[in-house]
Each structure stands twice: as structure tokens, then as C-alpha cells.
Number of protein chains: 2
Amino acid sequence: MKISIGVSNRHVHLTREAVDVLFGLNFELEEKNKLNQPGQFASNSLVTIKTEKSEITNVRVLGPLREYNQVEISKTDAYKLGINPPVRDSGDLADSCGITIIGPNGSLDLSEGCIIATRHIHLLPSQAKLYGLEGKKTVNIKLDGEKGGIITNVHLKVSDEAFFELHLDTDDANAHLIKNGDIGEIL
Amino acid sequence: MKISIGVSNRHVHLTREAVDVLFGLNFELEEKNKLNQPGQFASNSLVTIKTEKSEITNVRVLGPLREYNQVEISKTDAYKLGINPPVRDSGDLADSCGITIIGPNGSLDLSEGCIIATRHIHLLPSQAKLYGLEGKKTVNIKLDGEKGGIITNVHLKVSDEAFFELHLDTDDANAHLIKNGDIGEIL
């Protein structure tokens, strides 16, 4: 089964309260461009993420607002920042890394919220059924090319609002010379 | 067959003439620490690598001197520098990327020399024989862990001076959460 790949650069999800602090009271995230997942978008807003060791500027805020604050980075970013975030699904933030987010209007010290996202596939329940993936939690994916391979432990995220797509972080993408829109194969 | 992994950060190999230009006439590279491959060392000398788009500072020069100038970077570095280097074995530099190297004493515009190194294994002829790898050009390697997988197209570099080791760049290492000294398995 072929699947298209979306490469996720480092990004941030924010709550209403966090946006108030970082960008100003009642500030509304503006859509820069739609993402493939229904309702999700890249906003025009950027923040800096900062640790004791270092910082990374121009980290994009994705919308819409969420019920939790989450900073998704790569292992390469983690070395630069001097932290060791766990590999987690979105929203599974207990005992993840603390980090500071700095916006134009203020900053926010999170005691947890920074993770490396699991490799994952978004799909509808009907697609899980059609493709024989019902009940499975993870799959392996074959990536072709000069630095190809097979990546394991790719989580299946079945939801009623999903565009069928494999999400990889920039480390997985760059290691395999994969770019946005390339195709992988579910094994 | 298990094999230990060495992670190669971006680095530079230089000729006598290049060291003369970058660091001064007859400058000798000083050994900072030995590498596992016999005779090879990380020197105390650092350069900046630069393109039209961007630059990366503190890139280490490895010793001893070579017959060619070569800059080895990751795909992540390549995006930052705005170039598209080919994946190549050491010394195979025809039509590779141009890049500028800047040292404390001068700079050098290379018309070619910048590559992404192939995933590769160093081994002795006797080890190739012992492990049943004689005549093979490439192998696949299994990497364990939370972001594990199998990497393909790993080149075998058989030579009379070799320490048995798999060399990965930082993209491959970080994608798989591998650090220096971790263990992989030849399939």
C-alpha cells in the first residue's frame, strides 16, 4: 500500500491562554496555508523556543488552538537545545521536556510540553478497514532511494477527520532524502 | 553480525596546499583525539564552510592530510546551505557541490568537493572473509530502538587498515536516535 509523506518541521501548538500571553489578549492566529489534515493550518505567527543552552527562532505556530501547549522538535534540534525529549504521540505530555516559548508580547515557561513526535499515519476508520489495518497499532514503512530503508514503529492514528498521510520529522526525512509529497510503502 | 556505530558530524579533509592557504604556510594539524580508523584523527583546527545562502562555523578538520579537499555534510546542513550535494564515497568528487572554506589565514573556493557521505562500513579483507561479506558491495543494517529500522545501501569499504565499524552521518543517527558507540546488526 503506497502512502504520501508529509514532512513536519519543528512547530508549536498553543492554547487560548498561551496565545494571549505570547501574542496579546484575544489575538487570532491567521492562516498562512492549509495543512493536509482537515481543519489544520500553518499560521503566520512565529515564536522562539529557548532552553538554558540555546534557542531556535522562527518556529511556526500551527492552528487551530488546542487544549494543551506542545512543542515538536527533532533530535537534531534537541542536541542544539541541550535537552532530551521523549518520543510521544500528540497530547501525551506527562514528564516530557520543559521549554520556554517567547512571542512578541511575552514568554511562557512550560514545565513540560516538548516532545519528538512519533512517526505516524493519519487515516479514517474506513481506510483502516479497507487496507487491512484494523486493530493494528503500528506498521513498518519502506522508503526508497539512495539512502532508503524501512522505518519501524510507525503509529496508526485513526480518526473521523483524517487525510491518509505519513508524517515524518525532518530527521527521518533528511536521513532518507525524503521530501514533502514523496511516497512510502506500508509493509 | 553485530557492529559498533561511529557517528560522523560534518567535517573537512584538506590537502597540504589547502592547509597552507587556510592556516598558513607549513601549518601542521595538531591531533585533538584519535579516531577509531587507524592513523585518522580529529584535529584542533576549525573552519567555516560557506555558500551564497548561508554558512556553518566550527567545522572540524580531520587529519592526516589527503590528496583532495572534501567537505562532508548532512542533508540537514545542505538545506541550511542551500545546496544539493550528491551521496558519495570519499574521494569520488566529480560533479559534487562547490563550496567555500574559510580559515583564519585565508579562504578557498572549491568548484567541487562537498558531498553527503554514503553510509559505510570499514573492514579488513580477513573480516570480509570471516563474516561472509567477500565480493559484496553493500549490506543492510538493522537499528534497534524506539525509532529503529533497517537502513539499506550501506557500502563495504574493505582495506588493509581498518577498524570494523559502521559510519553514519548525523541525520541517520538522529533519525534513529543512535549515538556514537551504539550497536547495529548486519543482515
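Ile151(A) has Gly149(B) as its bridge partner in S12(B). That bridge belongs to a pairing of strand S12 (residues 149-158) of chain A with S12(B), antiparallel and over three bridges. Two strands count as paired if DSSP finds at least two bridges between them, and helices (H or I, at least four residues) and strands (E, at least two) are DSSP runs numbered from the N terminus. This is a predicted model, where local features need pLDDT of at least 70 and side-chain atom pairs count only at pLDDT 80 or more, while totals for chains, interfaces and linings use all residues. Residues are numbered from 1 along each chain as its sequence is written, chains are lettered from A and ligands numbered from 1 in the order in which they are written, and side-chain values use heavy atoms, with hydrogens and water left out.

**Where the chains meet**

- Chain B puts 22 residues into the contact, and chain A puts in 22 residues; contact here means heavy atoms within 4.5 Å.
- About 1,900 Å² is buried between chain B and chain A, with carbon and sulfur atoms giving 50% of that. Buried area is the accessible area (1.4 Å probe) that two parts lose on being put together, summed over both.
- There are four salt bridges between chain B and chain A, each a side-chain nitrogen of Lys or Arg within 4 Å of a carboxyl oxygen of Asp or Glu.
- Lys147(A) and Asp172(B) join their side chains in a salt bridge, 3.2 Å from N to O.
- On the chain B side, helix H2 (75-81), strand S12 (149-158) and helix H4 (170-175) each give two or more residues.
- S12(B) supplies the largest share of that side, five residues.

**Asp89(A)**

- You'll find Asp89(A) in the loop between strand S7 (87-88) and strand S8 (97-102) of chain A.
- With a relative accessible area of 25%, Asp89(A) is partly exposed; buried means under 20%, exposed over 50%, and partly exposed in between (1.4 Å probe, protein chains only).
- Skipping neighbours within four places in sequence, Asp89(A) is in contact with Ile115(A), Thr118(A), His155(A) and Lys157(A).
- Asp89(A) and Lys157(A) sit 68 residues apart along the chain, yet their C-alpha atoms are separated by 9.2 Å.

**Asp20(B)**

- Asp20(B) is in helix H1 (residues 16-23) of chain B.
- Asp20(B) is buried, at a relative accessible area of 18%.
- Not counting residues up to four places away in sequence, Asp20(B) touches Leu25(B), Asn26(B), Phe27(B) and Asn105(B).
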